[in-house]
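Biologist: Could you take a close look at the aromatic rings in this one for me? I'd like to know what sits around them.

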Amino acid sequence: MLVAGGLVGDQMREACGVFGVFAPKLDVSRLTFYGLYALQHRGQESAGICTTDGARLRLRTGMGLVSQVFDESSVAPLHGDAAIGHTRYSTTGASRARNAQPLLLQGVDGELALGHNGNVVNAGQIRERLEADGHTFHTSTDSEVIGKYLLATPGDWGDRFAQMMRTFSGAYALVALTSDRLMAARDPRGVRPLCLGAVDGGYVVASESCALDHIGARFLRSIAPGELVTITAEGVKSEQVHASEDAAGCVFEHIYFARPDSKLDGTLVYSSRLAMGEQLAREQPADADLVIGVPDSATAAAVGYARAAGLPYAEGLVKNRYVGRTFIQPDQRLRELGVNLKFNPLRNVIEGKRLAVVDDSIVRGTTTPRIVQMLRAAGAAEVHMRICAPPIRHACFFGVDMATRGELVAAERTVPEIQERVGADSLGYLSIDGLVRAIGLGEQHCLACFTGDYPVPVQLEMDKLALERPSTLDGDSPHLVATATVHGAPPVFTPLAARPDEGSGG
């Protein structure tokens, strides 16, 4: 069904998109608007832009899409030499205005604006220590914990980020802005993507390279795990503030999240998905007449499947790309239509055909049965589901709002049991080895949602609202979480060397 801002079902949600630009000769707020517009697929709950003119920071955030939060009148006052922007889907902290980013925080040596993509698994522990030292929190996000920690840590910014990377565990691609500099940093395992580009005498950083293309910027390279990039009027400076650890880029960036026209660590996402479909056809052939894909993320994989299988490919489902971007609740009758609001089958294309239907994943197993039923109602003779990822058996704790393990349809079920549940004539998944082979960088990616082998210790049932406090929610009750871990004890909090007094953040 639909809720405000999205379709509830098998759809996974990314954490956020981040963007930053330092270009004194250009309209940085307008560039940031269009950069965020290109990253809208990464989050549709809130958006924000913060700029600096060298003296003060100006911030605007709001709930909704980028185009709902900003117009000409709201962008115009955001002038300056540099800017950062953020578009959010919440994975830590509720979907509410005070959690919108960038966050603007005040420290003893000035202001810091921060945008974050990812999820920190030990944020609660660090927040408790900061609160014990007198720091006040006004949001329920792990992003504010990162920002407050950076401001409270002594030393230059390189020292601060190095200390932060030694302390925080999990996923973070960060953009940060002070009065005179733009900074971008990526966690030591590179879980979330971040890249660097150049534009008309300035520099740009973004979650995905597609955002650079839309503003006419030139892609330079991916920001390395453990790297801090600082951009000022003097130019760009790179520091490896923390040694890169075993790479663990999120494999679902290639499978689902990133736009197909983006490059992730040098690999075009479209090429990855095409190769996944080809490998899937070799591993899981189907006795079919026609191949169709579930748009949009599985389209390239379906093309690859058809090509490798020697079968014709056609668009059999048309997607309403705006159904998940409305804040108007459907009535009960529309709610019961469910997935029909998002997809419409092309009867003349699929009627009487045995279909090989390629999709990117099955998460909870609620949407796929409706797609199968819809295709049968439109006249499909047979429906053979083919999934270009392995079965998702474990939850994600690194910036993907997927599901708890108990909600995952594959957690305790065999493939034949899942096939019966979704109502398909057959069901086939891509193997883990096949996925690694197709992407070509598999050993450098996190596969924990398939294997349960997490790159860092995690709580097995983390709650996205775990940092909610009565003080941040105007009386709402805090949410409790379980404390089981894997791979040993939770990460140890590294004490601050010194903790100067600090004002509250926004």
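Modeller: Start at W157: the charged end of R160 sits over its ring, 4.4 Å from the centre. Here "over a ring" means that NZ of Lys or CZ of Arg is within 6 Å of the ring centre and within 35 degrees of the ring normal. K148 does likewise with F137, lying over its face at 4.7 Å from the ring centre.

Keep in mind that this is a predicted model, where local features need pLDDT of at least 70, side-chain atom pairs count only at pLDDT 80 or more, and totals for chains, interfaces and linings use all residues. Residues are numbered from 1 along each chain as its sequence is written, and side-chain values use heavy atoms, leaving out hydrogens and water.

Now for rings with rings: there are eight aromatic pairs (Phe, Tyr or Trp rings, using the six-membered one of Trp, with centres within 6.5 Å; planes under 30 degrees apart are stacked, over 60 edge-to-face, the rest tilted). F252 and F257 make a tilted one, 6.3 Å centre to centre with 55° between the planes. Both of them are buried (under 20% relative accessible area with a 1.4 Å probe, protein chains only; exposed is over 50%, partly exposed in between).

F397 and Y454 are tilted too, at 5.3 Å and 55°. This pair links distant parts of the chain, 57 residues apart. F397 counts as buried because its relative accessibility is 5%, and Y454 because its value is 6%.

Back to F252: ring pairs join it with Y256, F257 and F450 in a cluster.

How values were computed:
Helix = DSSP H or I, 4+ residues; strand = E, 2+ residues; numbered from the N terminus.
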